[in-house]
Amino acid sequence: MRATDFSIKEKYRYQCGFDSYLESEAAPGALPVGQNSPQKPPLGLYAEKLSGTAFTAPRHENKQTWLYRILPSCSHPNFEELPAESTPESLTGGKLHYIPNQLRWDPFDHASSKATDFVSGLHHLAGAGDPTLKQGLGIYIYAAAKSMNEHSAFYSSDGDLLIVPQEGALDIRTEFGWLLVRPMEICVIPRGVRYQVRLADENQPARGYALELFQGHFLLPELGPIGSNGLANARDFQAPAACFSEDCGTTGFDGATSYTVTAKFNNTLFTTHQPHTPFDVVAWHGNYYPYKYDLGRFNTIGSISYDHPDPSIFTVLTAPSDHVGTAIADFVIFPPRWLVGEDTFRPPWYHRNTMSEFMGLIQGGYDAKKGGSGGFIPGGASLHNVMSGHGPDAESYEGARNAELKPAKVGDGSCAFMFESCLMVGVTEWGLNRCQKVQEGYSEHSWGGVKVHWVKRGEGSRGHLLE
Ligand SMILES: O=C(O)Cc1cc(O)ccc1O
Ligand SMILES: [Fe+2]
């Protein structure tokens with residue numbers, strides 16, 4: 001069946017739950033009963049296991065899925081490294097630049113060529129660590145002007161990919177089924193899962209952000225004293241229902257119909273061509289699966305007395321390091337919310353953080369930064385690295401310092417987000433130079449004009465009790 005032949009009803013039959021043990025069959029009886037790998041699996045399918053953790057990972061971390069498919073995914077000729085001219089130069093990244101300056105980018109360009117799809121339009125912007133050691137993360141910007149070829153699939157051996165669409169809805173076909181991911185929704189495609197990113201509307205180019213997690217998996221943050229509900233609730237995560245194509249091609253590797261599978265392996269692209277569709281999974285069961293989440297469902301919690309709390313209260317997903325409470329990557333959002341704090345400077349305070357903070361803006365504005373030309377604009381980004389001082393720009397500071405403190409809704413129609421990491425984040429050559437989006441004088445424009453409010457000695461103030 002062609003990708004365009006599936007009806008909406010067939011494609012979007014989601015199952016709910018975060019890190020749940022789910023099962024789905026697109027043909028009745030496809031799932032074996034009471035065992036995973038019978039001598040002859042039902043309906044003539046092959047059983048294939050996809051692991052997301054070591055076999056021996058403790059039960060609470062163990063992730064795996066059993067796939068029941070028409071042909072096993074090993075049935076393909078060798079992968080070949082894509083020739084340099086067809087590998088997006090911006091993906092391979094090269095040397096990372098580590099710089100203490102605050103950085104901000106104007107909105108990244110949409111794809112300049114109609115031939116650019118999600119894979120060829122993936123740009124490596126920043127990162128830390130190394131996928132070969134399964135340590136760290138990569139930060140990417142994508143821009144796609146067309147759907148991936150319907151006879152193609154992509155997967156990454158490097159990590160789990162969190163995708164944050166900013167413009168244009170993505171219609172993602174995965175081995176597990178379909179996910180429709182619109183701006184203000186996110187999805188996570190686990191390491192190894194094969195998928196094809198289609199544009200929901202071929203006339204609406206897509207642009208957004210992505211974070212690839214080289215180690216571990218995203219979890220829901222602990223809720224501590226918040227209790228058993230709040231922030232992102234487990235039941236609002238949606239996983240696909242099995243949906244397959246039957247094109248099994250010919251036996252052997254030289255069949256007439258050919259499907260291209262592209263692998264991202266150590267940030268390098270490899271391809272192979274196989275005669276059968278990679279989207280032939282008729283049924284699956286397990287807890288290692290792609291999922292989506294609607295950010296509009298986030299239950300935002302904040303101060304109802306005084307002072308601006310740490311942004312950790314806005315954590316949607318967290319990928320912990322081995323040290324409790326310290327994340328390789330937190331995905332944090334700043335959704336519309338009420339601010340009521342008394343005698344409080346309400347926007348974020350000035351700070352230097354031991355973590356690094358990469359921010360993007362999906363829509364609207366952000367209360368600590370001015371928008372408009374040269375400001376923090378939807379589709380743009382900022383990076384405040386380890387210990388790089390930042391906070392409201394001078395204009396936002398003065399506004400909040402003098403604001404009347406009545407209850408106020410901030411961020412109506414807005415959503416900024418942050419990828420926060422305990423690691424120092426380096427910027428690729430593309431991110432620093434070739435994308436040509438780095439704002440000149442970001443720091444000067446933002447904080448060059450912060451005013452002195454200090455009341456000088458002798459002019460009277462409770463700040464001078466030692467006089
Ligand atoms: O720097 C930023 O704008 C992100 C941020 C927001 C906040 O509410 C508190 C701390 C913080 O780093
Ligand atoms: Fe910050």
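Visitor: How many other C-beta atoms lie within 10 Å of His351?
Guide: This is a predicted model: local features need pLDDT of at least 70, side-chain atom pairs count only at pLDDT 80 or more, and totals for chains, interfaces and linings use all residues. Residues are numbered from 1 along each chain as its sequence is written, while chains are lettered from A and ligands numbered from 1 in the order in which they are written. A residue is buried with 20 or more other C-beta atoms within 10 Å of its own, exposed with 12 or fewer, and partly exposed in between, with C-beta atoms placed from the backbone. His351 is partly exposed, because its count is 13.

Visitor: Which residues does the UniProt annotation "binding site" cover?
Guide: The entry is unreviewed. Its positions use the numbering used here, feature names are shortened, and annotations may be inferred rather than shown by experiment. The annotation covers His351, Glu357 and His390.

Visitor: Is Glu357 buried or exposed?
Guide: Glu357 lies in strand S24. Leaving aside neighbours within four places in sequence, Glu357 is in contact with His384, Met418 and Glu420. Around Glu357 there are 22 other C-beta atoms within 10 Å, so this residue is buried.

Visitor: How many residues of the shell around ligand 1 are charged?
Guide: The residues around ligand 1 include His351, Glu357 and His390. A residue is near the ligand if its C-beta atom, placed from the backbone, lies within 6 Å of it. Ala, Val, Leu, Ile, Met, Phe, Trp, Tyr, Cys and Pro count as nonpolar, Asp, Glu, Lys and Arg as charged, and the others, Gly among them, as polar. The shell holds 4 nonpolar and 4 polar residues, and the number charged is 1.

Visitor: Which are the edge strands of the open sheet of 9 strands?
Guide: The order is S1-S16-S20-S13-S10-S15-S8-S7-S28, with antiparallel pairing. Two strands pair if DSSP finds at least two bridges between them. Each edge strand pairs on one side only, and the two are S1 (15-16) and S28 (426-427).

Technical notes:
Helix = DSSP H or I, 4+ residues; strand = E, 2+ residues; numbered from the N terminus. Contact = placed C-beta atoms within 7 Å.
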